[in-house]
Each structure stands twice: as C-alpha cells, then as structure tokens.
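Please keep the sequence and the structure in view while reading.

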Amino acid sequence: MSNDNRISAVLSDEDVATVQGALAAIRGVLPFLVTLSVQERRELPKMGPKSIGFDEKCTTYMGNRAEFVPGFVELAEVQKDRTLRAQLLRFAAELQTLATSVDDTVQLVSSEVWMADLAYYQSVREAAHRSRAGAQDIYDDLRQRFPGTRANQATPEPAAA
C-alpha cells in the first residue's frame with residue numbers, strides 16, 4: 001500500500017479564521033500564561049505525580065496548623081496557585097494532544113510535498129540529461145538546493161608542500 005498521499009484535506013479561509021479566533025479567545029482567557037526558557041525549565045523544582053500526596057498533606061497541615069507556615073509564604077497565594085494548577089490540568093493534556101497532532105500533520109504534509117518536489121527534480125534532471133527543451137534551465141535553478149560536489153566541477157589542484 002502506498003503512503004504517498006496520507007493526507008488529502010483543505011481548510012477554507014473561514015475554517016482558518018475560526019481556528020485563529022478560537023486560539024485568540026483561549027489566549028484572551030489565559031493572559032497570564034508564561035513562556036519559560038530552557039534554563040528556567042531545567043532549574044525550576046518539579047511537582048510530578050509522586051509529589052501530589054505530599055502537596056495534599058501540606059494543604060491539610062497548612063490549613064490546620066498555620067503557625068508553622070513561614071512568614072514569606074502567603075497561604076492565599078498558595079491556594080490560588082493550587083486552584084489554577086488544577087484548572088489548567090483539566091485541559092492541558094487535550095491542548096498538548098492537539099498541538100502534537102497539528103505538528104505531526106504539518107510534518108506529514110511537508111514530507112508529502114518534499115517527496116513530490118524531489119520526484120519532479122529527478123524528472124527534470126533526467127529531461128535535462130536527454131536535452132529536452134527548457135529542462136536544463138529548470139535543472140540549473142533547482143540544483144542550487146543541492147550544492148554538494150558536482151561531477152562537472154573542476155577538482156582543485158592540491159597545494160604544493
């Protein structure tokens with residue numbers, strides 16, 4: 001079975017505008033989103049699945065024994081962060097899945113376009129080799145994408161020692 005055309009779809013201008021509008025609406029609801037640098041991601045402490053139980057215990061203890069909460073920790077802000085985290089997690093996985101699907105689809109259709117381009121290039125190269133009218137000019141233009149060693153380039157003489 002051929003995989004030369006796994007995607008055959010078209011978005012209307014209205015569909016593109018709808019998606020862009022939906023994304024703008026999402027960004028409008030989430031104006032506080034941040035973008036971390038690679039360094040920041042590496043340096044920030046992580047709270048993974050194993051830490052959830054610890055956080056739940058801390059939530060209970062902080063509420064029941066607030067005298068042990070350090071003065072620089074604002075319980076109201078910690079609770080806001082916990083609430084926001086829980087809310088974001090309700091849709092974060094779906095957004096990641098959607099973004100991954102869009103990336104995968106872009107990669108697949110780009111691959112299909114590239115393979116068609118290469119097939120055309122090979123056809124033009126063969127036509128130029130057979131002296132077909134107009135093929136050499138197209139081939140000369142397209143082969144600039146592949147600047148590697150060409151058989152028709154003169155090999156430079158080695159430098160004298």
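A pocket, as the word is used here, is an open set of grid points where a 1.4 Å probe fits, with protein on both sides within 12 Å along at least five of seven lines. The model is predicted, and its largest pocket holds about 2,200 Å³ of space. The lining of this pocket is made up of 41 residues, and those closest to the pocket centre are Leu33, Val34, Arg41, Ala92 and Gln96.

Which helices each supply at least two residues of that lining? They are helix 1 (13-29), helix 3 (52-64) and helix 4. Helix 4 gives the largest share, 17 residues. By residue class, the lining of the largest pocket divides into 31 nonpolar, three polar and seven charged residues.

Next comes the packing of the helices. Two packed helices are described by the angle between their axes and the distance between the axes. For helix 3 and helix 4 the angle is about 145°, and the axes lie 12 Å apart. The crossing in which helix 3 passes helix 4 is left-handed. On the helix 3 side, the contact is formed by Ile52, Asp55, Cys58, Thr59 and Met62, which meet Leu75, Gln79, Arg82 and Arg85 of helix 4. Four of the residues in this contact are nonpolar, two are polar and three are charged.

Helix 4, which spans residues 75-129, also packs with helix 5, residues 135-142. Here the angle is about 130° and the axes are 8 Å apart. Why are these two helices called oblique to each other? Angles over 145 degrees count as roughly antiparallel and those from 65 to 115 as roughly perpendicular, so helix 4 and helix 5, at about 130°, are oblique. Helix 4 passes helix 5 in a left-handed crossing.

In this contact, helix 4 contributes Tyr120, Tyr121, Val124, Arg125, Ala127 and Ala128. They meet Ala135, Gln136, Ile138, Tyr139 and Leu142 of helix 5. The residues of the contact between helix 4 and helix 5 are nine nonpolar, one polar and one charged.

Notes: Residues numbered from 1 in each chain as written. Predicted model: local features only at pLDDT ≥ 70, side-chain atom pairs only at ≥ 80, totals over all residues. Heavy atoms only, no water. Axes fitted to C-alpha atoms, helices over the stretch in contact; angles between N-to-C directions. Helix = DSSP H or I, 4+ residues; strand = E, 2+ residues; numbered from the N terminus. Parallel < 35°, antiparallel > 145°, perpendicular 65-115°, else oblique. Left-handed = near helix turned anticlockwise from the far one by under 90°. Contact = heavy atoms within 4.5 Å. Nonpolar A, V, L, I, M, F, W, Y, C, P; charged D, E, K, R; others polar. 1 Å grid on protein atoms, 1.4 Å probe; cavity = no way out; pocket = protein on both sides within 12 Å on 5 of 7 lines; lining within 4 Å. Points joined across faces, edges and corners; volume = space filled by probe spheres on them.
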